[in-house]
Amino acid sequence: MFQAFWVSSPGSWALRQPACHCDGKQATWKCGFVRTIIQHPCLRHDPKGPGKARMLKKIQICLCCFFVSGILYEISLLSSCFFSYMPMSKHFLTPEQVLNVGKSIIFLETTERLEPPPLVSCSVESAARIYQDRPIILFMKGLTNDTVLDMNSSYTAFSLLSSMKNVFIFPLQMETVFQNTPLLQWYNRVVPEEEKNWVHVSSDASRLALIWKYGGIYMDTDVISIRPIPEEIFLAAQKSRFSSNGIFGFPAHHKFIWDCMENFVLKYNGNIWGNQGPYLMTRMLKAICNLTDFKGTEDHSCKNISFLNPQRFYPIPYPAWSRYYKVWDKPPSFNLSYALHLWNFMNHNRKVVVAGSNTLAEKLYKAYCPTTYKDLIEKVKPRDFTHSDDTA
């Protein structure tokens, strides 16, 4: 099990498990994300007569009716069904409690840093805005269960993300993540210090395990969401006949992801960049599908998996990645895209968004992560942010 960790904020969510003690026994009612929790009174033998007992029973029935009405009202509100909250600073949600809600958007930070750079913040914020009825989870390897960070943290981006009502930030505990998957045997024998591409490889493994266990959508931390993805089961084509692993979505316990984890271990070679990532996804997809070239903007489908056109996430291919940081006479509309991958792994010169530069990236920040733009771009002098190493 994950251990509980939560960043406290005025809008933080918590589960309460009220208990009612009767004759030494404890009856516990567990609930999901609901706003109203009621402790029902316990009826005891009253030597003065049954009148008081009947009155208490009527009160209990009234309370139950009120409680059920509240539940029905909550269910009528889609977002509230998942994300009603009670501000409780002393209660914490575990990753399982959030992930088990389903349909999470998962991001990973497999470096040790605690200050998310502006691009990471933009990726998480844009997802939180596009998917307001879904949990947005950022797992950070640099966090531990002893780390105390909140909205007043000196890390501006951390505070910014923590304040968003559907964003959760948890420690990334790999040994726990890999439990009950084929990846655990690999993790137990690998020596991270001797691995050439450990930051990438550990991220490749973690995303597979998390999506297999809980389902949802995985996104790299340099993916800016611009509209909802309509598919539940999908891989993203980086180009014809080649799959990315920078963004994909599957329900929990899908066979394709399990097969990918087995192949990850069987064909492991950490010295080859991408062997456990996009090349893994591509060879596993080719094993079950006859991949063909994209002729236009159509998507392909095979074995209930949608193989989405490169236009959906990669309208600007990686050789042209720097165009995101240039001024366009007429910026593209990206009408065919669900999200944009900014190829941060290619950004060796650490190009950043600068306020007033009028670059394409600046326009994207303004449109899809305005809080990040305001707090981390406009208010902050240009800084040498280290680029995210877990993106491609």
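Let me begin with Trp 212, which counts as buried because its relative accessibility is 14%, where buried means under 20% relative accessible area, exposed over 50% and partly exposed in between, with a 1.4 Å probe and protein chains only. Please keep in mind that this is a predicted model, in which local features need pLDDT of at least 70, side-chain atom pairs count only at pLDDT 80 or more, and totals for chains, interfaces and linings use all residues. Residues are numbered from 1 along each chain as its sequence is written, and side-chain values use heavy atoms, with hydrogens and water left out.

Now to the aromatic rings. Rings of Phe, Tyr and Trp, the last by its six-membered ring, pair if their centres lie within 6.5 Å, and planes under 30 degrees apart count as stacked, over 60 as edge-to-face and the rest as tilted; by this rule there are 22 aromatic pairs. In one of them, the ring centres of Trp 212 and Trp 258 are 4.8 Å apart with the planes at 50°, so the pair is tilted. Trp 212 belongs to helix α8 and Trp 258 to helix α9, so the pair ties together parts 46 residues apart in sequence; helices here are DSSP runs of H or I with at least four residues, strands are runs of E with at least two, and both are numbered from the N terminus. Trp 258, at 27% relative accessibility, counts as partly exposed.

Tyr 218 and Phe 248 form another tilted pair, 5.7 Å centre to centre with 35° between the planes, and this pair links strand β6, which holds Tyr 218, with strand β9, which holds Phe 248. Tyr 218 is buried at 0%, and Phe 248 is buried at 0%.
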